[in-house]
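Hi everyone, thanks for coming.

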Amino acid sequence: MQLCKPDHPGNTRRDEVDDVVRELTRISQQHQVVLFLISDQAKGAGSNVRRDIFTAFKESSEIAFAADLAFVGEMLTEAEGDDLPDDVSIRWRCLKARNGQPRSM
């Protein structure tokens, strides 16, 4: 999404991302398809300042609003430096479930 530009650029990059999300939502509804958005942690995640995941999720208000279901992957396996082991355990924490109870996996 960060590589996409809307047809009519907005005043800010956040406005542009919101426009892209609205267009993807329209396409999804018109063609009755399911869209998956997979994203890395928002800016600042690697810094010493710990960001609340809900704040990071709301980088674009349209993403948070349009999503029916949203998860964040929490790595449970400890990594040594930048090297990850072959098997990694991840808990998928539910941030939003529009049509039911939020359940983590």
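Let's start with the ground rules and then go through the salt bridges.

This is a predicted model, where local features need pLDDT of at least 70, side-chain atom pairs count only at pLDDT 80 or more, and totals for chains, interfaces and linings use all residues. Residues are numbered from 1 along each chain as its sequence is written, and side-chain values use heavy atoms, with hydrogens and water left out.

Okay, layout. We've got 3 helices and 2 strands, in the order α-α-α-β-β from the N terminus. Helices (H or I, at least four residues) and strands (E, at least two) are DSSP runs, numbered from the N terminus. Of the 105 residues, 18% are buried; buried means under 20% relative accessible area, exposed over 50%, partly exposed in between, with a 1.4 Å probe and protein chains only.

Now, how many salt bridges are there? The count is 4, taking a salt bridge as a side-chain nitrogen of Lys or Arg within 4 Å of a carboxyl oxygen of Asp or Glu.

One of them is D19 with R22, at 2.4 Å between the closest N and O atoms. Both sit in helix α1, 3 residues apart, about one turn.

Then there's D68 with R98, at 2.6 Å. D68 is in the loop between α3 and β1 and R98 is in the segment after β2, so this pair ties together parts 30 residues apart in sequence.

Next, E74 and R91 meet at 3.1 Å, N to O. That pair links strand β1 to strand β2, 17 residues apart. E74 is partly exposed at 29%, and R91 is too, at 36%.
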